[in-house]
Amino acid sequence: EEGSRIGYHGTERDALLAIRAEFNNPKFLQKSWNSLMCYMNNTPNWYGISCINGRVTGLVLENLGLTGKLKANALANLTQLQTLSFKNNSISGNLMNFSNNQNLKNIDLSGNSFDGEISPSLLTLHSLESLQVQNNKLNGPIPGFNQSTLKVFNVSNNNLSGEIPSTIALQKFGPSSYLGNHDLCGPPFTNTTCTTIKDNESSTPTPSDSSHNESSNSSKLSMLTPILVVINVVGIVVLLYLVIYYFRKTKKLKKMLMNKDTRLMEVDKMEISKTEITTTPTETRSVESRSLASEVELEKGKLIFLGSEINFELDDLLRASAEGLGKGNFGNCYKAMLVDGPTVVVKRLRDLKPLTNDEFVRQVRAIADIKHPNLLPILGYYHTRGEKLLLLKSAPNGSLYNRIHGGKGTRGRIPFRWSSRLSVARGIARALEHLHLNASSSQFVVPHGNLKSTNVLLDENDDVRVADFGLTSLVALPIATQRMVSYRSPEYLASKKVSKKSDIWSFGCLLLELLTGRISSHSAPPGVTGADLCSWVHRAVREEWTAEIFDTEISVQRSANSGMLKLLQTAISCCDKSPEKRPEVSELLREVESINGVVPESEDEDDLSFSLDQSMTDDSLATATPSR
Ligand SMILES: Nc1ncnc2c1ncn2[C@@H]1O[C@H](COP(=O)(O)OP(=O)(O)OP(=O)(O)O)[C@@H](O)[C@H]1O
């Protein structure tokens, strides 16, 4: 009641403010958590908060660098909470008490410094679907979770100990949910048992602990011999099962990928190496060690998901209906629509560096760790020796290339107006800024190297999602130099060097494509001629035919012409032949953000959508000469 009247629930507001007060550095929240909390019942006004009917149902504060400890009863008054995430901060102290949060479905506290035990109050949450507490400092045993609702469970990389409870709910999860806890034992780690721990009630020996005195060791060894024999036999049976299972899966996947889009497949015949099916004993031996290598080995042939939002099995993917999206330079993309499930994009990679599976996984994870609202998330991956797939979020509104050029000259085309183009330019600049500044510590992702309109995707809200970042670290260099945009930059042609400034150059070309509506040679599909827009625009400006430069869909919006000219200047400065003269990304972003995107509605209504004056294959542009 209180909620519907004033737009929020007073006790809940106080609870959130109390949580904020526990953080040492809530500067960001101080700005955002002000005034009405759940305005008009539903609209969340506060960062990270979602509301239904004035009640808080979501509290999601991720990647904010928050530090501090939360009180055990911090969540006690948020009784309608369904989703809680403090992922990737530096919050410490014990976990909170969850017994009042009976509506909680998703909990993600991963990537913090929580210590102490996994709170038994979590056992009382009957709707719990996802619990992620990996990468913390939790200790003690894993409580006996047995909620049948549980679909995602990850406690890896903590200091947990003891036997993994043999509840039905927990046995569903594979080793990757538990890895990186040195004192955990029992299934699903087939090669470790809890025998040593049970035998040795006193201290806390590890399954592989070898620091006992020798006499007791030898007597135990004789006791253990029959057990070891049994384990060996079980191991061989499991191995055989895995080989058969693996063989079936690989064949199925091959069948699906060969059948779904025959047109694409004819061009790109896959060779799943038969050798990989006969897994050698040396490969399986590494299962014992808990290193990344063993984790990677266990992941082989399985779909591995990197976040909590989406999770399904290889079988589900194989059953999904698939549609070819196009043949890229580094593999083909398919849209897979899962039965009663999400739609994802599968990218089959080819022409990769000769990476071991280990290296591949390490690099993919590093790439996937780079997150930003304007970058396309990597949902997961799949690898065998012969096949490497990336699972990507699907961008329902397609690529920027299609938005600019698709349906040109037809009645069905929806004009792509100035304000939308400008917000796309902003989105790309923000993504680039994140890659260049925030992700620059990761050698795997910087520079982007392949910025072009087919790699700029639009999500369901038409927000920009830049894709393909980090591919540079996976693709073989000779292939990259032939096919990636950065390697066409003036500096690469002159001195065989690319840098972040090469991305700025690519961004300049991309802005020109956006402003002129002309096809750039960087993104022209086979059979379509594109232009070297940077060279073309220099000439166009020199010869003062500025008015002809802009796409007619925007040039008719006269009140915005000055903004267009400003963006054109920015684009030209990015295109400068010498990298040092090009702006840095932050300056670029400032410029793009300062341009006005507002246009009176009457101008948007002008019916100028049916213009045939720019054909899809303008040959005159290909030779970098103006078409007049
Ligand atoms: N997640 C996605 N959602 C929607 N469309 C996508 C997605 N990923 C790729 N596409 C589209 O699929 C097509 C093929 O993409 P792909 O990345 O393989 O090739 P490309 O972008 O043309 O070239 P390159 O391999 O050099 O990046 C492109 O038209 C791209 O816009």
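Two strands pair if DSSP finds at least two bridges between them. Strands (E, at least two residues) and helices (H or I, at least four residues) are DSSP runs, numbered from the N terminus. By this rule, strand β9 and strand β11 (residues 137-140) run parallel and are joined by two bridges. The model is predicted: local features need pLDDT of at least 70, side-chain atom pairs count only at pLDDT 80 or more, and totals for chains, interfaces and linings use all residues. Residues are numbered from 1 along each chain as its sequence is written.

**Strands**

- Strand β9 (residues 113-116) also pairs with strand β7 (residues 90-93), in the parallel sense and over two bridges.
- Ser92 has Ser113 in β9 as its bridge partner.
- Gly116 has Leu138 in β11 as its bridge partner.

**Helices**

- Helix α13 (residues 418-438) and helix α16 (residues 500-516) have axes that come within 11 Å and cross at roughly 170 degrees; axes are lines fitted to C-alpha atoms over the stretch in contact, with angles from 0 to 180 degrees between N-to-C directions.
- The two helices α13 and α16 are therefore roughly antiparallel to each other, a term for angles over 145 degrees.

**Ligand shell**

- Among the 22 residues around the ligand, Leu325, Gly326, Gly328, Asn329 and Ser399 come nearest; a residue is near if its C-beta atom, placed from the backbone, lies within 6 Å of the molecule.
- At least two residues of this shell come from each of β16 (321-327), β17 (331-337), β18 (343-349) and β20 (388-393).

Note on methods
Parallel < 35°, antiparallel > 145°, perpendicular 65-115°, else oblique.
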